[in-house]
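Here is a friendly briefing to read with the model open beside you.

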Amino acid sequence: MRSDKIHRALAQGMNRFEVCQLVAKGVKATHKTGARFEDSINDVLQYLGTTIRPGKYSPSIPQVSVKSLKPAA
């Protein structure tokens, strides 16, 4: 059922607004002409419910090489 997929997506730490925004973007990106929108929505919700997101407040920090930290002069 779709409600189960929605609850799994919410359990990943997203709020309802984020889920709605991500579903809209996901359907726009993955929908195939001639297919049903309901199936596309279910596919995106399935993906959101099974994908583990990195922590919301721990952005990935790019690695900086030691050479780039040396002074220019």
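Leaving aside residues up to four places away in sequence, Ser 40 touches Val 27 and His 31, where contact means heavy atoms within 4.5 Å. This is a predicted model, in which local features need pLDDT of at least 70 and side-chain atom pairs count only at pLDDT 80 or more, while totals for chains, interfaces and linings use all residues. Residues are numbered from 1 along each chain as its sequence is written, and side-chain values use heavy atoms, with hydrogens and water left out.

**Ser 40**
- Ser 40 is found in helix 3; helices (H or I, at least four residues) and strands (E, at least two) are DSSP runs, numbered from the N terminus.
- With a relative accessible area of 7%, Ser 40 is buried (buried means under 20% relative accessible area, exposed over 50%, and partly exposed in between, with a 1.4 Å probe and protein chains only).
- The side chains of Ser 40 and His 31 are joined by a polar contact of 2.8 Å. A polar contact is a pair of N or O atoms within 3.5 Å; within protein, one must be able to donate a hydrogen and the other to accept it, and residues adjacent in sequence count only if both atoms are side-chain atoms.

**Helix 2**
- Which residues of helix 2 are buried? They are Val 19, Val 23, Gly 26 and Val 27.
- Seen down the helix axis, these buried residues fall within an arc of 100°, so they line one face of helix 2; the arc is that of the directions from the axis to the C-beta atoms.
- An α-helix has 3.6 residues a turn, so residues three or four places apart point the same way.
- The buried residues of helix 2 pack against helix 1 (2–11) and helix 3 (37–50).
- On the face turned away from the buried side sit the exposed residues Phe 17, Lys 25, Lys 28 and Ala 29.
- At the start of helix 2, a side-chain oxygen of Asn 15 comes to within 3.2 Å of the backbone nitrogen of Phe 17.

**Nonpolar core**
- Eight residues form the largest nonpolar core: Ala 9, Met 14, Val 19, Val 23, Val 27, Val 44, Leu 45 and Leu 48. Such a core is a set of buried Ala, Val, Leu, Ile, Met, Phe, Trp, Tyr and Cys residues joined through side-chain atoms within 4.5 Å.
- Helix 2 and helix 3 are the elements that give two or more residues to this core.

**Whole chain**
- The protein chain has three helices and zero strands.
- Of its 73 residues, 18% are buried.
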